[in-house]
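Student: I'd like to take a close look at one part of this model with you. Could you walk me through it and then show me what surrounds it?

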Amino acid sequence: MFYTPSSKLPTHLILRNQLRQVFFPFLGIHLPRPPQLFPSSPSSEASSKWLDAHYDPMANIHTFSACLQLADLHGDGEYKLVVGDLGPGGQQPRLKVLKGPTVLSESPLPALPAAAATFFMEQHEPRTPALALASGPCVYVYKNLRPYFKFSLPQLPPNPLEQDLWNQAKEDRIDPLTLKEMLEGIREKAEVPLSVQSLRFLQLELSEMEAFVNQHKSKSIRRQTVITTMTTLKKNLADEDAVSCLVLGTENKELLVLDPEAFTVLAKMSLPSVPVFLEVSGQFDVEFRLAAACRNGNIYMLRRDSKRPKYCIELSAQPVGLVRVHKVLVVGSNQDSLHSFTHKGKRLWTVQMPAAILTMNLLEQRSRGLQAVMAGLANGEVRIYRDKALLSIVRTPDAVTSLCFGRYGREDHTLIMTTRGGGLIIKILKRTAVFVEGGGEAGPPPAQAMKLNMPRKTRLYVDQTLREREAGTDLYLLRLRAARAYAQALESSLSPVSATAREPLKLHAVVQGLGPTFKLTLHLQNTSTARPILGLLVCFLYNEGLYALPRAFFKVPLLVPGLNYPLETFVESLSDKGISDIIKVGCRLVLVGEVSVSECGQGPRVAARMGWVSAQ
Amino acid sequence: MAEQRLEMRTQFPASAESLKPRLKKAPEFPILEKQNWLIHLHYIRKDYEACKDVIREQLQETQGLCEYAIYVQALICRLEGNIQESLELFQTCAVLSPQSADNLKQVARSLFLLGKHKAATEVYNEAAKLNQKDWEICHNLGVCYIYLKQLDKAQDQLHNALHLNRHDLTYIMLGKIHLLEGDLDKAIEIYKKAVEFSPENTELLTTLGLLYLQLGIYQKAFEHLGNALTYDPTNYKAILAAGSMMQTHGDFDVALTKYRIVACAVPESPPLWNNIGMCFFGKKKYVAAISCLKRANYLAPFDWKILYNLGLVHLTMQQYASAFHFLSAAINFQPKMGELYMLLAVALTNLEDTENARRAYTEAVRLDKCNPLVNLNYAVLLYNQGEERGALAQYQEMEKKVNLLKDSSSLEFDPEMVETAQKLGAALQVGEALVWTKPVKDPKSKQRTTSTSKAASFQQPLGSNQALGQAMSSAAAYRKLPSGVGGTSQLTKPPSLPLEPEPTVEAQPLTEASAQIREK
């Protein structure tokens with residue numbers, strides 16, 4: 001009695017249990033459910049408002065919110081889900097009807113469905129709603145899931161000039177080249193665009209024109225448009241099950257209202273741009289308001305008597321969803337924000353979303369008189385807002401691309417979502433759940449509670465600080481003193497560097513030992529980049545009364561650039577009085593051929609403080 | 001297509017039968033716009049891969065005649081950064097339907113993004129001929145003219161745009177023009193109107209708040225910044241500005257909590273760490289202050305304000321060598337500010353380099369126009385050096401400045417400064433000059449006066465916190481200098497703490513904000 005297994009699905013006891021528990025919660029939904037029946041429900045908190053009824057990541061449903069409808073298609077009080085499925089990659093359009101978690105029926109569609117709608121066509125009993133699918137230039141109407149009627153959009157009037165030209169071509173009064181020129185002229189400035197036939201013709205090469213004209217001249221030219229969006233509008237009663245008209249938005253920037261029984265065009269309105277989303281309230285025969293979000297980023301408001309838009313909202317962004325909540329329009333823009341407007345186009349509020357909005361729909365909980373907006377975001381959240389207050393966040397394993405809320409099976413408050421990867425998620429709102437404002441984020445941002453990441457200071461730093469306080473003046477003068485010392489060192493040639501570029505030399509002398517014999521090491525370095533130095537001589541100038549050196553004069557081997565050459569010699573101190581003196585070291589370059597004597601630096605001196613050492 | 005129809009028939013036997021003789025379509029030609037709606041839906045959901053697939057299919061089927069498919073492809077190209085390619089595609093669209101203003105608008109937009117503003121204006125003008133009443137055209141024309149430096153034309157176009165339809169963006173651009181012209185009042189007018197029109201736009205609120213701050217109208221500034229923070233509690237600019245105002249009032253803890261939000265969002269912001277550092281300075285946590293300021297300095301090594309603050313904190317810490325180092329660095333970046341030289345002189349005095357200190361003072365006095373502290377400190381130095389005549393001259397100079405400030409507003413002077421000045425006056429035997437509107441009431445300072453001999457008290461100030469207090473108020477004075485207006489109210493708030501850091505801090509987010517405004 002609860003569950004009649006579909007003939008196509010010869011299964012499953014588990015499924016049956018599942019259904020019983022899920023779709024008839026009053027039978028015991030609050031009992032603990034076996035978790036294995038409900039795979040992958042990551043966020044099943046006890047406090048959650050939602051019951052995870054079903055999740056099938058492989059449901060293979062790819063669609064938009066406009067193609068999702070919940071309806072009691074058979075009039076048995078058991079609501080089904082109608083999906084106009086685009087198929088993977090938009091390749092296999094299908095009409096799917098789901099009952100519970102299973103597909104009840106599936107039939108291929110001739111073209112991709114742009115929108116689906118369910119509506120009552122007439123007052124007859126039994127009151128089963130008809131299903132309308134807009135696809136290409138046609139609306140396919142089903143009753144009891146059987147094809148019932150196909151409505152095609154009326155042809156658009158062709159450009160009379162164009163018509164004329166083709167008529168002439170038909171009678172061979174005009175040659176293809178002239179035809180082409182004339183058509184070009186029409187395209188340049190005409191109000192009415194050319195037909196596909198003419199446009200194709202204009203693309204052709206000269207050689208193909210003749211054949212094309214002959215092939216097509218007998219046909220009358222046509223202009224056909226397609227449906228971009230569809231919604232329903234009550235005819236003359238506000239009841240839930242009152243007869244409704246279909247409202248179509250077309251690619252040629254028009255809105256059409258169709259008669260529910262005869263499928264004739266009751267009203268026609270034109271828009272400045274192509275409508276993408278429609279939102280209607282009121283009754284066609286009494287008064288209605290129509291909001292159309294268009295491709296130029298504007299939303300146009302129309303009323304019953306207006307053939308043209310009465311108000312216009314310029315979003316300066318593309319609308320990605322349009323929902324009417326009571327008397328307020330909520331628009332999601334592709335700049336990640338929700339805006340709300342009155343019917344006269346006055347902006348009420350704006351809420352920023354954390355990620356791009358993918359789809360939007362209305363959440364209506366009649367028992368509590370709640371109307372809220374649901375927005376599926378690219379970060380895998382579905383946010384629910386009443387006005388600008390966040391009521392709830394539903395987190396899903398994949399980004400939700402279409403969603404709807406309403407009665408499904410026999411459960412009044414069901415949220416149906418399909419994901420980017422083709423998954424299907426069904427959640428049920430707990431009967432005890434109450435949406436409270438601030439259910440999402442409130443108060444100061446969480447970052448405010450976080451500690452500042454301060455750089456720490458070490459003990460060493462503190463010690464240095466203290467030292468600076470004590471010896472600040474010294475530190476301040478450090479640079480000056482260092483500069484002075486350096487200048488002095490330069491002046492006294494303690495560690496001389498050759499001043500001329502011709503002999504790039506560096507000389508550095510070290511004295512080692514305690515005496516009376518010392519070792520004097522000269523470090524010679526050729527500082528040029530590439531050129532070796534040959535034929536250098538070193539001589540020592542010293543007080544012969546104090547010191548004795550084995551050789552006061554010797555030749556230096558070839559100096560390779562960059563290398564450090566230590567040259568050692570011994571120095572014997574002759575005096576026993578502890579006197580010290582200076583030994584001067586000279587470097588001279590003997591050039592081949594002539595004896596050019598040039599000095600390297602200032603004649604480096606070694607301050608050999610030998611006596612000082614021995615005096616100790 | 002014929003096959004398709006056949007298929008359709010089989011699927012819809014009922015509908016096919018129930019239909020009256022259907023209007024036949026030209027079978028060879030699919031409808032060009034067949035999948036435009038799908039392309040659009042994929043596009044607005046930012047599912048560009050799927051979008052491109054549909055476009056490719058559609059273009060193949062229609063042999064490249066589907067204008068909307070090309071249009072969206074161009075839009076995606078532009079989003080992906082291939083602007084040149086998008087330009088070419090839009091031009092193709094414009095060929096396919098030459099009467100469409102939208103195509104021209106996009107061509108112009110691509111030109112604009114390529115930096116060809118002149119060409120863009122021409123195309124926009126072309127588009128404007130097709131569609132007279134499009135705010136977007138006017139707005140974008142205005143923006144182009146801004147880049148072409150034709151501000152008058154830009155203003156006209158933006159006003160036209162506002163006339164057609166009001167948008168926040170237009171207000172922002174218009175305000176920017178006024179800021180570029182340096183007309184703060186007009187800019188404020190514009191932003192006021194904008195906030196009236198769109199009271200929840202945080203960017204508008206923040207900018208207006210910052211402008212008020214720049215003019216020194218703190219009440220209104222705080223109001224608008226507060227509003228901005230109500231709508232977006234994580235707004236970086238608003239938090240920094242509001243935080244700096246809180247610092248001004250000594251609410252260091254509140255300011256710090258607010259800064260935490262920013263520290264989370266923008267952890268590498270030099271002004272933020274500067275402000276945090278000065279908060280700690282206000283709370284007398286000097287080591288923390290120095291760490292934060294050093295981080296700020298690391299992040300923005302060429303910002304003289306951070307260096308200024310570092311100098312100030314190091315002076316307080318009696319690390320005069322470091323202070324000297326930072327202050328001289330600051331002077332290298334900002335050689336036109338008297339206060340900097342004065343602080344440098346204070347550091348030099350403490351480093352016992354009186355000769356250089358004096359030279360720094362000379363420079364400070366030469367550059368500074370209205371801060372009496374510079375002259376007072378100089379006078380003290382001269383007096384300590386035994387040059388009473390020079391000291392007297394500086395003292396008189398200071399009195400002049402004080403009188404000037406007093407005339408222009410009813411302000412209170414830093415009590416420490418007043419006290420020092422009075423003592424110096426006595427020492428110089430100028431007599432109790434009645435320049436000070438308010439007698440000193442600080443009991444502590446009185447004690448100090450009595451406890452130390454006059455000469456000693458004069459030798460002390462420059463090394464003590466007293467001098468720093470003066471330095472602070474001098475910094476306070478700096479705050480108003482650039483604005484020119486109300487340059488006198490600077491001393492209205494006697495620092496409640498001896499060390500009040502707010503002025504430099506406040507200058508910080510301000511300039512940053514104005515820099516940001518200019519950038520846009």
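In which loop of chain B does B:K284 lie? Please start there and then lead me through the rest of the chain and its partner.

Tutor: Happy to, and keep in mind that this is a predicted model. B:K284 sits in the loop that runs between α17 (270-282) and α18 (286-299) of chain B. What makes this lysine worth a look is its backbone: its phi is positive, about 65°, although the residue is not a glycine. Most residues other than glycine have a negative phi.

With 42% relative accessibility, A:N144 is partly exposed.

Chain B has 29 helices and 0 strands, and 56% of its 520 residues count as buried. If you take the contacts in chain B between residues at least 6 apart in sequence, 57% of them link residues at least 24 apart. The chain exposes about 22000 Å², with carbon and sulfur atoms supplying 52% of that area.

Within those helices, some charged side chains pair up. In helix α7 (residues 101-113), B:D102 and B:K105 are 3 residues apart, about one turn of the helix, and they form a salt bridge whose closest N and O atoms are 3.8 Å apart. B:D102 is partly exposed at 30% relative accessibility, whereas B:K105 is buried at 9%. A second pair, B:E126 and B:K129, forms a salt bridge with its closest N and O atoms 3.7 Å apart. Because these two are 3 residues apart in helix α8 (residues 117-130), about one helical turn separates them. B:E126 is partly exposed, at 40%, and B:K129 is exposed, at 59%. Salt bridges with shared partners also join B:D102, B:K105, B:D134 and B:E136 into one network.

Chain A has its own example. The side chains of A:K143 and A:E122 meet in a salt bridge at 2.6 Å, N to O. A:K143 belongs to strand β8 and A:E122 to the loop between β6 (113-119) and β7 (130-135), so this pair ties together parts that are 21 residues apart in sequence. Both ends are covered: A:K143 is buried at 17% relative accessibility, and A:E122 is buried at 12%. Over all chains, the whole structure holds 36 salt bridges.

Finally, look at where the chains meet. The contact draws 78 residues from chain B and 74 from chain A. Together the two chains bury about 6800 Å², 62% of it on carbon and sulfur atoms. Between them there are 2 salt bridges, one of which joins the side chains of B:K46 and A:D336 at 3.4 Å, N to O. Also crossing the interface are 12 residue pairs in polar contact. On the chain B side, helix α3 (residues 36-44) supplies the largest share, 8 residues. Sorted by class, that side has 41 nonpolar, 20 polar and 17 charged residues.

Conventions. Residues numbered from 1 in each chain as written. Chains lettered and ligands numbered in written order. Predicted model: local features only at pLDDT ≥ 70, side-chain atom pairs only at ≥ 80, totals over all residues. Heavy atoms only, no water. Helix = DSSP H or I, 4+ residues; strand = E, 2+ residues; numbered from the N terminus. Buried < 20%, exposed > 50% of the residue type's maximum accessible area, 1.4 Å probe, protein only. Contact = heavy atoms within 4.5 Å. Areas by Shrake-Rupley, 256 points an atom, 1.4 Å probe, with all protein chains shown as cover. Buried area = accessible area lost by both parts, 1.4 Å probe. Salt bridge = Lys/Arg side-chain N within 4 Å of Asp/Glu carboxyl O. Polar contact = N/O pair within 3.5 Å; in protein donor to acceptor, adjacent residues only side chain to side chain. Nonpolar A, V, L, I, M, F, W, Y, C, P; charged D, E, K, R; others polar.
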